[in-house]
Amino acid sequence: MNSRPAAGGGRWVDVPPARMARWIEGFTERHGGPPEIGPGPDGLRLAAPDGTTAVLHPPPGMPGADDLAGFLAAVGAPRRLGLLLARKGAVAVGVADGGRLVVSKVDTRYVQGRTAAGGWSQQRFARRRDNQAKAALADAAELAVRLLLPEADRLAALVAGGDRRAVDGILADRRLAPLVPLRAERLLDVAEPRHAVLVDAVAAARAVLVLVRDPG
C-alpha cells in the first residue's frame, strides 16, 4: 500500500481490493472502535470515534455502494478495464480482466527533446519535433483503435495514465469516440510506458483510493 499527502490536508492511501477488509479492521483498531459508515459525495465515508475520517473512493468501473458489505463485495468483483498509458513517444495499451492483463501492446516512436538553440535552426527543430509528436499520437491512436475499440461494449471503464495531454490527443481521434464516455477520472502516475509498467498499472487501476483525514 502506498501513502502520499493530499491537497488540502490528509493523506491518500492506495489499498488493493484483497486487502480492503483488513485495512478497515486496522482503521477500526487504530481509531477507537467501530466507525460510523455512510455514503458521501465521493464514496463511502467512515467516521471514527476519535474524529478521524476515511473516504473510500471506488475504483474505476465499480458500481456505487451505500454500505460497507456492498462496497467490499463490489471491490472484489472482477471487472474488465481498458488501459491507455502515454508519455512523449511511448504508448502502452491493454485490457485487464480482473487482475489479469489479457491484451497488451507497447509501442515507442522517437520524439526529440527540447533545445535551447535559437534562430532558424530552432524553428526547424521545433517543426521536426512537432511532426514527430503528431506521428507518435497517430500511431498510438491506431493501436487504441485495434485493441480497445473492439472491447468498448465489454469495458467497465477506460483508465488512462502518464501525460494527460498525450492521452487527450490520442482520444481526440474521432474513431475512438465510443471510448471517451468510459474514461475514468483517475489518471495513473506512471513511468515511460513499458510492458512491466502496464502490468503494474492493472493493480493501480483496481486499487481503492482512501482519503484519510485526522481530527483538528
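This tour moves through a predicted model, one selection at a time.

**Before selecting**

Residues are numbered from 1 along each chain as its sequence is written, and side-chain values use heavy atoms, with hydrogens and water left out. Because the model is predicted, local features need pLDDT of at least 70 and side-chain atom pairs count only at pLDDT 80 or more, whereas totals for chains, interfaces and linings use all residues.

**The whole chain**

Colour the protein by pLDDT, the predictor's confidence in each residue, from 0 to 100. The mean is 89, and 88% of the residues reach 70 or more. Confidence is highest in β9, at 98, and lowest in helix α3 (residues 119-147), at a mean of 72. Where pLDDT is low, the predicted coordinates should not be read in detail.

Next, display the secondary structure, in which there are 5 helices and 11 strands. Helices (H or I, at least four residues) and strands (E, at least two) are DSSP runs, numbered from the N terminus. Of the 216 residues, 44% are buried; buried means under 20% relative accessible area, exposed over 50%, and partly exposed in between, with a 1.4 Å probe and protein chains only. The protein exposes about 11400 Å², of which carbon and sulfur atoms supply 51%; these areas come from the Shrake-Rupley method with a 1.4 Å probe, and for residues only the protein chains shown count as cover. Among contacts (heavy atoms within 4.5 Å) between residues at least 6 apart in sequence, 58% join residues at least 24 apart.

Select Pro-16, in the loop between β2 and α1. Pro-16 has a relative accessible area of 30% and is therefore partly exposed. Its C-alpha atom is separated by 4.6 Å from that of Ala-207, 191 residues apart along the chain.

Continue into α1 (residues 20-30) and show Met-20, Trp-23, Ile-24, Gly-26 and Phe-27, the buried residues of this helix. They lie on the same side of α1 because they cover an arc of only 160 degrees around the axis, the arc being that of the directions from the helix axis to the C-beta atoms. Their packing partners are β2 (11-15), β4 (44-47), β5 (53-57), α2 (68-76) and β11 (208-213). After α1 comes Gly-32, with a positive phi near 95 degrees.

**Strand β6 and its two partners**

Select β6 (residues 80-87), where 7 of the 8 residues are buried. Two strands pair if DSSP finds at least two bridges between them. With β7 (residues 90-97), β6 pairs in the antiparallel sense over 8 bridges, and Leu-83 stands opposite Gly-94. The hairpin of β6 and β7 has 2 residues between the strands, and Lys-88 takes a positive phi near 55 degrees there. With β9 (residues 157-162), β6 pairs in the parallel sense over 6 bridges; here Leu-84 has Ala-160 as its bridge partner.

**The nonpolar cores**

Which residues have the most contacts inside the largest nonpolar core? Show Leu-84, Val-91, Val-93, Leu-148, Ile-170, Leu-176 and Leu-179, within a core of 22 residues. A nonpolar core is a set of buried Ala, Val, Leu, Ile, Met, Phe, Trp, Tyr and Cys residues joined through side-chain atoms within 4.5 Å. Two or more residues come from each of β6, β7, α3, β9 and α4 (164-171), and α3 gives the most, with 6. Apart from this core lies another, of 20 residues, including Val-15, Met-20, Leu-46 and Leu-68.

Centre the view on Leu-176, which touches Ala-141, Ala-144, Val-145, Leu-149, Ile-170 and Leu-171, not counting residues up to four places away in sequence. Then turn to α4, where Ala-166, Val-167, Ile-170 and Leu-171 are buried. Seen down the axis of α4, these residues fall within an arc of 130 degrees, so they line one face of the helix.

Select Glu-151, in the loop between α3 and β9. Is Glu-151 buried or exposed? Its relative accessibility is 11%, so Glu-151 counts as buried. Leaving aside neighbours within four places in sequence, Glu-151 contacts Arg-80 and Val-95.

Finish at Ser-104, in strand β8 (residues 100-108), which counts as partly exposed because its relative accessibility is 35%. With neighbours within four places in sequence left aside, Ser-104 is in contact with Val-93, Gly-94, Leu-147, His-195 and Leu-198. Ser-104 and His-195 are 91 residues apart along the chain, and their C-alpha atoms are separated by 7.7 Å.
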